[in-house]
Amino acid sequence: QRNSLAVIGEGNDALHASTASVRTAEERRVIRRILSRRGAAAEWVDINVDELDEDEPEDHHNKKNDAWYLPPVQRQRWCDDQILPHVNWGDLFFDLFYVGAAYNWGVLIMSCTKDSDAGKEILRGLLYFFGSLGPLWTCWEAQAFYASRYLTNDYFHRLVEIIRYFCVGTAIYNIAPISHFSDPKKNDVMIFTLTMLMELIMSMGLGVELYCKGQGDRLSIKNHTLDDFKFRNGALFALYLAAFILATVQHNGYDETKQGTENYGAEHRVLGPSSYEDQEAYSPDRPKWDKYDLPMTITASAYFFRFVLASVRFHYREKKSDVRNWYVPANIDYLIHRYGEFVMLMMGEGVLSVLIVETVDEVEYDMVLLCGMLSMIFLNMLKTESDPADASKHALWRSPVSVMTYSLFTQTLTIGLIGFGVTFKTFLYRIVKESVGKEDLEYDFASKTFSGFLTGVILSLELINASHRGFKKSFGDLFRDNEGKQKLNWPVAIIALLKIGIILFCVTLFTWTDEPQVLVVSGLLIIVALIVTRVLVK
């Protein structure tokens, strides 16, 4: 158990006392009713029930437990001990939708990275990938932070969750191969932007509820909620609304008779596990970017613009006032588990990419399959070694800026894991196709994507590992104090040089070979080598 003050860093004497650590009678009444409801004991036992044993009017105890509406209550107060909540099955169910998202993102990547197209659709693929990843990640992360700060357990908020599940599920369904996703004749982009806009409006509604009815430290809740609107929700709403309006106008106004005879996409949405590359992903009559790509370009821009706004928010606020007046503390242990669970989902997509594919009795196929499974197993070990054994040394405990950097590196790790798993599926599918069709296929572009995504994965894990210690301390470890003089710490420096060499080899791996079996063996050795460096450092 740790003090909530750790979330803003150590060494600030002005924050050793809290002005809002005592819960009001109204808070205690709402918490008592929340904990008395079905399922609450399994999900929200991080509230100390002993502190609720106060004398209250008799009618509070006689009210029915099945309340239709209870206001959200601040979960964590400054100076309170942090206790990890038990399993929240609603969170796990929500994450299941992102398994489908990871699968569909893999389909999207495969459909625009074919060697036959020489990467002609890579720009459009990146726009649609980040344009769909951004809103869905923002939705997941906003929900995780909301649950880490506030308690809810009533029928109204359960209905809100049902609507969120429906919006997210519908949006994920409309993530399709690039030929279908980018086709103006289809309504995928229009429905995707509509459902993401609806989810954002619902999230903004919860913010209004917090501002008006949230129980807890009213000053920090109001200021924190206003900052969410000013530095995130307001801009995202404007951009999502613009994207939806453009997508609707373009879809409804598209006239094939005025567009000539271009084929902007496949006739059917692909659902099969191994036929992505049979799609016609590139039309020679279509430029690399056109006006029909503008809606997803806007949502992709919103994804990156959110990082700028978050940086401005904390830079602006840290100079204004006491952090307790504008920041509602979160349950950090809960967030650590949520981020870890999300990364596991993305690794699961990599496992699915290796195991769920057509098979053929070929040595090359068996080699790629074996190395793919071992790579995912050792990546899991490397991820475990990247996180501190003591949760109090996690990056999320350091400062709000550390929270931002950890979130960013988790997102780059997510992208890398999705793409890395897809490259194994690409190799296996092409080996099957070569065996059945007795034809030789090129692996030039596939080898580049393998090298690129693996580099993204290992770089993200290295940055995550450094973020836990702090980047200044990680750099400072290269030197040691010797009688008042800074001298190079040779054991640490040698390991650092070894890591740099491994990463450079990974970056240039596609220049050495494009043979699938050589690539996957090299990738596996790279991962194992990095695990060895982590063990040597310890």
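Me: Helices are DSSP runs, H or I, of at least four residues, numbered from the N terminus. With that in mind, which helix gives the largest share of the lining of the second largest pocket?

Reply: In this structure, which is a predicted model, the largest share of that lining comes from helix 13, with eight residues. Helix 13 is joined by helix 5 (122-149), helix 8 (188-213), helix 9 (218-253) and helix 10 (294-318) as elements that give two or more residues to the lining.

Me: What makes a residue part of the lining of this pocket, and which of the lining residues lie nearest its centre?

Reply: A lining residue has an atom within 4 Å of a pocket point, and 37 residues line the second largest pocket, with Glu141, Phe145, Asp228, Arg232 and Arg313 nearest its centre. The pocket holds about 760 Å³ of space, and its lining divides into 19 nonpolar, 11 polar and seven charged residues.

Me: Why is Ser467 called buried?

Reply: Buried means under 20% relative accessible area, and Ser467 has a relative accessible area of 3%, so Ser467 counts as buried. Ser467 is found in helix 14, and, leaving out residues up to four places away in sequence, Ser467 touches Ala395, Arg398, Tyr406 and Phe409.

Me: Why is Gly216 called buried?

Reply: The relative accessible area of Gly216 is 15%, and the cut-off for buried is under 20%, so Gly216 is buried. Gly216 lies in the loop between helix 8 and helix 9, and its C-alpha atom is separated by 9.5 Å from that of Val328, which is 112 residues apart from Gly216 along the chain.

Me: Which residues touch the most other members of the largest nonpolar core?

Reply: Among the 94 residues of that core, they are Tyr98, Leu136, Leu379, Phe420 and Phe450. Helix 13 (residues 400-437) gives the largest share of this core, 14 residues. Leu379, leaving aside neighbours within four places in sequence, is in contact with Met347, Leu417, Phe420, Val457, Leu461 and Ile527.

Note on methods:
Residues are numbered from 1 along each chain as its sequence is written. This is a predicted model: local features need pLDDT of at least 70, side-chain atom pairs count only at pLDDT 80 or more; totals for chains, interfaces and linings use all residues. Side-chain values use heavy atoms; hydrogens and water are left out. A nonpolar core is a set of buried Ala, Val, Leu, Ile, Met, Phe, Trp, Tyr and Cys residues joined through side-chain atoms within 4.5 Å. Buried means under 20% relative accessible area, exposed over 50%, partly exposed in between (1.4 Å probe, protein chains only). Contact means heavy atoms within 4.5 Å. On a 1 Å grid over the protein atoms alone, a cavity is a set of points where a 1.4 Å probe fits but cannot get out, and a pocket is an open set with protein on both sides within 12 Å along at least five of seven lines; lining residues have an atom within 4 Å of a point. Grid points are joined across faces, edges and corners, and a volume is the space filled by probe spheres set on the points. Ala, Val, Leu, Ile, Met, Phe, Trp, Tyr, Cys and Pro count as nonpolar, Asp, Glu, Lys and Arg as charged, and the others, Gly among them, as polar.
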